[in-house]
Each structure stands twice: as C-alpha cells, then as structure tokens.
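Thanks for asking me to look this over. Please have the model open beside you as you read.

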Amino acid sequence: MIFGSFCYNSHAMRITFDLDSVIFDLKPVYVEAFRRANEPYVKPTSWDIKSIYSQQVYENLSQLWADDFLYTMPVLDKKIPYILNDLMANPKYEVFFVTERRLKQPEMTYMQLRNAGINCDFSQVFDQEGKKSDILRDIVKTDIHFDDSPFVVQGCLDKGVPVVMISNNSTLYNHFLRDRVEYYKSLRQALYKKG
C-alpha cells in the first residue's frame with residue numbers, strides 16, 4: 001500500500017478521504033439532474049457548475065444533494081469499502097472522511113458511508129463549516145489526504161497538507177493541476193501504487 005513507506009512512532013497515521021468522485025460516483029446524480037431538466041447529460045468540465053449548466057440543472061442538483069438520493073449513490077469501485085475497512089481495522093492508521101457538501105448534516109454522510117458497507121464511526125465524519133484545507137491541517141491534523149477538488153488540492157498545497165489528487169476522465173475540472181501534484185485515476189490505484 002501507499003502507506004508502507006511512512007513510519008510514525010508517536011501516533012497512528014491519519015488518513016483523510018473526500019467522498020464525492022473519490023469514494024462515491026457522482027454521475028448518477030448529474031444524470032438525474034439533467035433528466036429532470038429534460039436536457040442531454042454533459043460531463044462537468046468546471047468545478048463551478050453554476051456557470052456551466054442551465055439554472056434548472058443547477059437547481060435539480062441542489063435538490064438532489066439534499067434529499068434521500070444521496071443515500072443511494074454507488075461507490076466508484078466495489079472493492080473500496082473492503083479496502084477502507086481493512087485500513088480502519090489496522091491500529092497503524094486513523095481514517096477520517098472530510099467533505100464540503102455544505103449540508104452540515106454529518107448524520108446523512110455517516111449513513112451514506114454505512115449504507116455503502118464502510119464500517120466507520122460517526123466521530124470519523126467531518127462535514128462542517130470552514131475551509132477544508134484548514135480543517136485537515138488544524139482540526140483533523142491529517143498526514144495524507146485524498147481529494148478531487150482543484151480548490152481543496154490547491155489549498156492543501158498552499159498550506160503544506162500532503163495531498164493526493166484523484167483525477168480521471170470524469171474529473172475534467174482538475175486536470176490542469178496534474179503537473180503540480182501526485183495524482184491517480186482511482187482511489188484503489190492511489191492506495192496500491194506500491195503493490
């Protein structure tokens with residue numbers, strides 16, 4: 001695993017994960033938003049979806065984000081729950097899930113993780129006010145973070161937070177950062193980069 005080269009004697013290694021487009025597949029949410037607007041689906045090419053999609057698609061996305069649709073989002077890779085559960089069972093690691101969904105409902109995020117077969121505790125979920133890079137550095141004190149958001153990745157780079165970017169054909173909005181940060185096309189590939 002990627003963490004084999006790290007050695008922490010004083011504490012367990014703290015690993016943090018973003019959720020959307022890292023663990024969970026956002027495409028069904030986007031497809032449904034376009035379907036409700038009676039428009040053809042278009043991949044997001046910018047993180048600022050309000051500027052690239054119609055007002056109706058944007059409103060549909062906002063509504064879907066806040067309702068029960070979120071609970072049924074599939075994981076990007078069916079092996080990820082097993083991998084994360086193995087990490088959480090290993091005393092060498094502390095795993096946390098940090099999101100900027102703006103729902104401010106960590107209960108919903110926690111239930112989504114549990115429904116996906118990820119056996120986390122409620123205390124491992126952070127969905128709160130504040131800039132994610134500050135939360136990662138000052139509150140969670142992460143040793144390594146995995147994210148797809150170009151703003152979060154840039155914030156981590158600016159604040160000295162070790163970050164790995166998940167960047168693939170569905171995350172066209174972050175490709176411009178590929179030459180500035182370590183990136184992988186999937187979380188599984190990132191976690192197992194060293195075998």
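The points below go through a strand, a helix and a loop.

1. A word on the basis. This is a predicted model, in which local features need pLDDT of at least 70, side-chain atom pairs count only at pLDDT 80 or more, and totals for chains, interfaces and linings use all residues. Residues are numbered from 1 along each chain as its sequence is written, and side-chain values use heavy atoms, with hydrogens and water left out.

2. Let me begin with strand β4, residues 144-147; strands (E, at least two residues) and helices (H or I, at least four) are DSSP runs, numbered from the N terminus. Both of its faces are covered: Ile144 and Phe146 on one side, and His145 and Asp147 on the other, are all buried. Buried here means under 20% relative accessible area, with a 1.4 Å probe and protein chains only.

3. Which strands pair with β4? From β4 the chain crosses through helix α7 (residues 150-159) to β5, a right-handed β-α-β crossover; that is, with the strands pointing away from the viewer, the path from the first strand over the helix to the second runs clockwise.

4. Aspartate 147 deserves a look of its own. Its relative accessible area is 0%. Its side chain makes a polar contact of 2.7 Å with that of histidine 145 (a pair of N or O atoms within 3.5 Å, where one must be able to donate a hydrogen and the other to accept it; residues adjacent in sequence count only if both atoms are side-chain atoms). Not counting residues up to four places away in sequence, aspartate 147 touches several others, among them Asp18, Lys132 and Ile166; contact means heavy atoms within 4.5 Å.

5. Next, helix α4 (residues 80-89): seven of its ten residues are buried, so the helix is largely enclosed by the rest of the structure. The buried ones include Ile80, Ile83 and Leu87. They pack against β1 (13-17), β2 (93-98) and α8 (187-191).

6. Finally, threonine 45 sits in the loop between α1 (27-37) and α2 (49-52). Threonine 45 and tyrosine 173 are 128 residues apart in sequence, yet 4.8 Å apart in space, C-alpha to C-alpha. Leaving aside neighbours within four places in sequence, threonine 45 is in contact with Ile52, Leu172 and Tyr173.

Methods
Buried < 20%, exposed > 50% of the residue type's maximum accessible area, 1.4 Å probe, protein only.
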